[in-house]
Amino acid sequence: MSPTSKIEADARRINARHHEVKPGEIAVGVIIGRTSEFFDFFVYAIASVIVFPKLVFPYADPLTGTLYSFAIFALAFIARPIGTAIFTALDRAYGRSAKLTIALFLLGTSTVSIAFVPGYDQIGPASAWLLAVFRIGQGLALGGTWDGLASLLALNAPEKRRGWYAMIPQLGAPLGLIVASALFAYFVGNLSAEDFFSWGWRYPFFVAFAINVVALFARLRIVVTPEYTKLFEGQELEPTSVRETLRAEGRTVVLGAFAPLASFALFHMVTVFPLSWIFLFTREGPARFLVIETIGAFFGLAAIAISGVVADRVGRWPLLGGSAVAIAVFSGFAPQLLDGGFVGESVFMVLGFVLLGLSFGQSSGALASNFSKNYRYTGAALTSDLAWLFGAGFAPIVALFLSAHFGLISSGAYLLSGALCTLLALRLNQRLDRTPA
């Protein structure tokens, strides 16, 4: 028996008593899966600011080294749609459990391998090439971690609580950030600089690997059971080829990718970019700002939950549109707060995370219901991949470059462009508020 088959068989035995599929059970699987993915994401993102410029690009000045680091950071977002195409083919050929096992193994292996990357002082330019390879591995793997549970959750949510259930998958982002930021803050704040750059920064990557193993079993525990298999098939949440999906549903994929751009652009503007600015252009150490970021993430967590209540009362379209307008306003003044010391930084982070929570809470699969059933599974994965690519993948490098050369206020241009794209996409899709998502 192959390892994948053995894991699947174990999961089926564990769930032999279960006969009824409940939205709450799906929600638990979704939160565990998303939290593990975002923890991996933020561990790498934080290291991109405070570790890799010095470890991999010590020959460059701090700003240039960070821009180089952010260029490698973006590779995962470029690779992610390719990963979706590869793993969709695996899903069709060998099943969802095999796809998830391979994807999460690749994600965990790529992540933990980063912890062993030697610095430029040891192996020269090969250090950057290794980091790029492992980052691409993370991106390919993330394309394969789509398990359809978020779509399944939305389709099985009570009719009057669809907004509430739509926000549940998004809780994984602030939860992952809270754990990653707190972990790095502990190591940065309690180790000498020599110890941190020698071995301390590597520990969060080991933790990420362990969390991936737990997440794998938690998700397999759900998706391989007969009850869930029937439910996936009943809702026609089965994979189709990427080429076929784009041919049949290309318009919906494009609109679905651009609808959440405001929140996805804001995502990195309140997580990765501020840390880079503070680290490079102030005398403040990263530990204190990571604590501010952790506190801000709690506000984001609450705002995501509130978004579910608001969406059920006023509808997802008005909430997404209103949030995009608010983000456009935010872009016009908020970046300058990062030069305002502790108070300015705190205000920026709290306001940013509240806006992010309200918009991001309802941005996932906003147009998923527009897909025909045959293409919903693959279409939802593609829209997510492309939204991350266009909205978030290049946000840190663009925002940092603009801010360093034209002032902090210029970084708001990126946010403004995302807000305008969201408003345009929502305008072009009048069915958003009339159909369940």
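Biologist: Where does R288 fall: buried, exposed or partly exposed?
Modeller: Partly exposed, with a relative accessible area of 40%; buried means under 20%, exposed over 50%, and partly exposed is in between (1.4 Å probe, protein chains only). Mind that this is a predicted model, where local features need pLDDT of at least 70 and side-chain atom pairs count only at pLDDT 80 or more, while totals for chains, interfaces and linings use all residues. Residues are numbered from 1 along each chain as its sequence is written, and side-chain values use heavy atoms, leaving out hydrogens and water.

Biologist: How many salt bridges in the whole structure?
Modeller: Four, counting a side-chain nitrogen of Lys or Arg within 4 Å of a carboxyl oxygen of Asp or Glu.

Biologist: Which ones does R288 make?
Modeller: Among them, one with E284 at 2.8 Å and one with E345 at 3.9 Å, N to O. E345 sits in helix 19 (residues 341-360) and R288 in helix 17 (residues 286-314), so that pair ties together parts 57 residues apart in sequence. Helices here are DSSP runs (H or I, at least four residues), numbered from the N terminus. Shared partners join E284, R288 and E345 into one network.

Biologist: Switching topic, what does T88 touch?
Modeller: Ignoring neighbours within four places in sequence, P239, T240, V242 and T378, with contact meaning heavy atoms within 4.5 Å.

Biologist: And how far is T88 from T240, C-alpha to C-alpha?
Modeller: 7.2 Å, though they're 152 residues apart along the chain. T88 is in helix 4 (residues 62-94) and is buried at 9%.

Methods. Helices (H or I, at least four residues) and strands (E, at least two) are DSSP runs, numbered from the N terminus.
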